[in-house]
Amino acid sequence: QNHKAIAGEEYSGIVGGSDSFTIIGCSGIGKSSAISRAVSLITENRIIEIEKPFVKIVPCLLVQCPFDSSVKGLLLEILRKVDEALDSGYYKYAIKSRTATTDMLIGLVSSIALNHIGILIVDEIQNVVNSKNGKSLVGMLTQLINNSGISICMVGTPESTVFFESAMQLARRSVGLQYNSLCFDDFFQDFCEKVFSYQYVKRQTEIAPAIVKWLYDHSGGVVSVVVSLVH
């Protein structure tokens, strides 16, 4: 589809229309870890190389949303990550260029995304909620989708859902996966048993129902807190 757009042929957006989606879950539930694991399994950390014409493509590019939701900051971070993966010099060029305005950077990143990025994953997207630059940043991501045709996945905590649902153009982009903290059920018990089996102490302790209940009461069903408590 992207090739059709470049060639000026009839273009109908990304197949399936899922040009962007969200992964929402409470802090510590394992979103970033799961995404990193999924990316490494799917891509095996490889770069796709095409010979005619010669081009390198990063299947999944993972970036962090700046804490102050700076549009320029995120665009530069995307360039830096592309350079890291492809050993290119886009970031240095943008930094040295005195005319590196936000508009120019959006054009540059759109062009690079079109040629070198499969899917862009933006983590910690909840930073946009309490920032005055929040709407500008999400607007820039929307422009990036429309300019380059790449898919964008936005990852954050539940507070970002309200922000996305507040505007129509964002609401359709907030469709995605939602993960809540675990319930006190067989799955939680099984998880605790698995984590407990990795203990590295001289005297091994067997897990008991009382320990599982204590772990749930003190973690609220958040995976990372369970692991910390076991440690």
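So, how many aromatic pairs does a search of the whole structure find? It finds 3, where rings of Phe, Tyr and Trp (its six-membered ring) pair if their centres lie within 6.5 Å. I'll come back to those after a quick tour.

A word on the source: this is a predicted model, where local features need pLDDT of at least 70, side-chain atom pairs count only at pLDDT 80 or more, and totals for chains, interfaces and linings use all residues. Residues are numbered from 1 along each chain as its sequence is written, and side-chain values use heavy atoms, with hydrogens and water left out.

Okay, the overall picture. The protein chain has 11 helices and 6 strands; these are DSSP runs, with helices being H or I of at least four residues and strands E of at least two, numbered from the N terminus. Of the 231 residues, 40% are buried, meaning under 20% relative accessible area with a 1.4 Å probe, protein chains only.

Now look at two helices, α3 (residues 71–86) and α5 (residues 102–116). Their axes come within 10 Å and cross at roughly 35 degrees. Axes here are lines fitted to C-alpha atoms over the stretch in contact, and angles run from 0 to 180 degrees between N-to-C directions. Who makes the contact (heavy atoms within 4.5 Å)? On the α3 side, the residues include V71, L75 and L79, and on the α5 side they include L105, V109 and H116. The residues of this contact divide into 12 nonpolar, 2 polar and 1 charged. For that count, Ala, Val, Leu, Ile, Met, Phe, Trp, Tyr, Cys and Pro are nonpolar, Asp, Glu, Lys and Arg are charged, and the others, Gly among them, are polar.

Back to the rings, then. F184, F188 and Y216 are linked into a cluster by ring pairs. Take F184 and F188: the centres are 6.2 Å apart and the planes at 55 degrees, so this pair is tilted. Planes under 30 degrees apart would be stacked, over 60 edge-to-face, and the rest are tilted. F184 with Y216 is tilted too, at 5.2 Å centre to centre and 50 degrees between the planes. That pair links distant parts of the chain, 32 residues apart: F184 sits in the loop between β6 (176–179) and α9 (186–196), and Y216 in helix α10 (residues 209–219).

Buried or exposed, what about F188? F188 is buried, at 0% relative accessibility. F184, at 43%, is partly exposed, the class between buried and exposed, which starts over 50%. Y216 is partly exposed as well, at 21%.

Note on methods: Contact means heavy atoms within 4.5 Å.
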